[in-house]
Amino acid sequence: MTATASKHATRAHVATESARRPVDYVWAAARIALGWVFLWAFLDKTFGWGFATPAAKAWINGGSPTTGFLKGTGENALGGLFTALAGQVWVDWLFMLGLLGVGAALVLGVGTRIAAVAGTLMLVLMWAAELPLTTNPFMDEHILYAIVLVGLALADAGATLGLGNLRIVREHAWLR
């Protein structure tokens, strides 16, 4: 029964491919834009193109992509925990791989569900590092981006303007 339902769902998805709704394109645009936010953070921190990261502090020049943000959390509610993580090699690698993986998955439209989970985790941790917030009691861009990531996963946003329509992706739900 499950295999039959799965095959039917795949065929139904293919059948509606030509019948895109405007909202599908809005979700696709949100997916690509948010993917670019993650990819750009990875690129700027890696190469120090001078937007948020000067060249001297680039990851390829020996800089730590987590130190600046996490060292600045010392006075915050969870500052001790996050300050202790700042600049650790394993934290730098996990953070950078997360930025690259989430960004690439969203831009390409493959693995958007996995990217939504990983990206939401990263964003919630960054949000927690900033507590208490100075501009709002609980809401900031990290939470908004996390909500959008969940919406992208639920909307199957990789299927519009992405590689989510590839046969291998349609046949393996974990790649959606």
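1. Residue classes come first. Ala, Val, Leu, Ile, Met, Phe, Trp, Tyr, Cys and Pro count as nonpolar, Asp, Glu, Lys and Arg as charged, and the others, Gly among them, as polar. On that scheme, 23 nonpolar, 4 polar and 3 charged residues make up the lining of the largest pocket.

2. Basis of the note. The model is predicted: local features need pLDDT of at least 70, side-chain atom pairs count only at pLDDT 80 or more, and totals for chains, interfaces and linings use all residues. Residues are numbered from 1 along each chain as its sequence is written, and side-chain values use heavy atoms, with hydrogens and water left out.

3. The largest pocket. Its volume is about 830 Å³. (A pocket is an open set of points on a 1 Å grid over the protein atoms alone, where a 1.4 Å probe fits, with protein on both sides within 12 Å along at least five of seven lines; lining residues have an atom within 4 Å of a point. A volume is the space filled by probe spheres set on the points, which are joined across faces, edges and corners.) The lining has 30 residues, of which Phe69, Phe95, Leu99, Met122 and Met126 are the closest to the centre.

4. Where that lining comes from. Two or more residues each come from α2 (22–47), α3 (67–71), α4 (79–85), α5 (89–108), α6 (112–130) and α7 (141–154). The top contributor is α5, with 7 residues. (Helices are DSSP runs of H or I, at least four residues, numbered from the N terminus.)

5. The second largest pocket. This one holds about 220 Å³ of space. Its lining includes Lys45, Lys57, Pro54, Pro65 and Phe69. Here α3 gives the most, with 3 residues. The split by class is 4 nonpolar, 4 polar and 2 charged.

6. Aromatic pairs. The count is 5. (Rings of Phe, Tyr and Trp, the last by its six-membered ring, pair if their centres lie within 6.5 Å; planes under 30 degrees apart are stacked, over 60 edge-to-face, the rest tilted.) Trp40 and Trp49 form a tilted pair, 5.5 Å centre to centre with 45 degrees between the planes. Phe47 and Trp49 are stacked, at 5.4 Å and 15 degrees. Ring pairs join Trp36, Trp40, Phe47, Trp49 and Phe51 into a cluster.

7. Trp40 counts as partly exposed because its relative accessibility is 25%. (Buried means under 20% relative accessible area, exposed over 50%, partly exposed in between, with a 1.4 Å probe and protein chains only.) Trp49, at 44%, is also partly exposed, and so is Phe47, at 35%.
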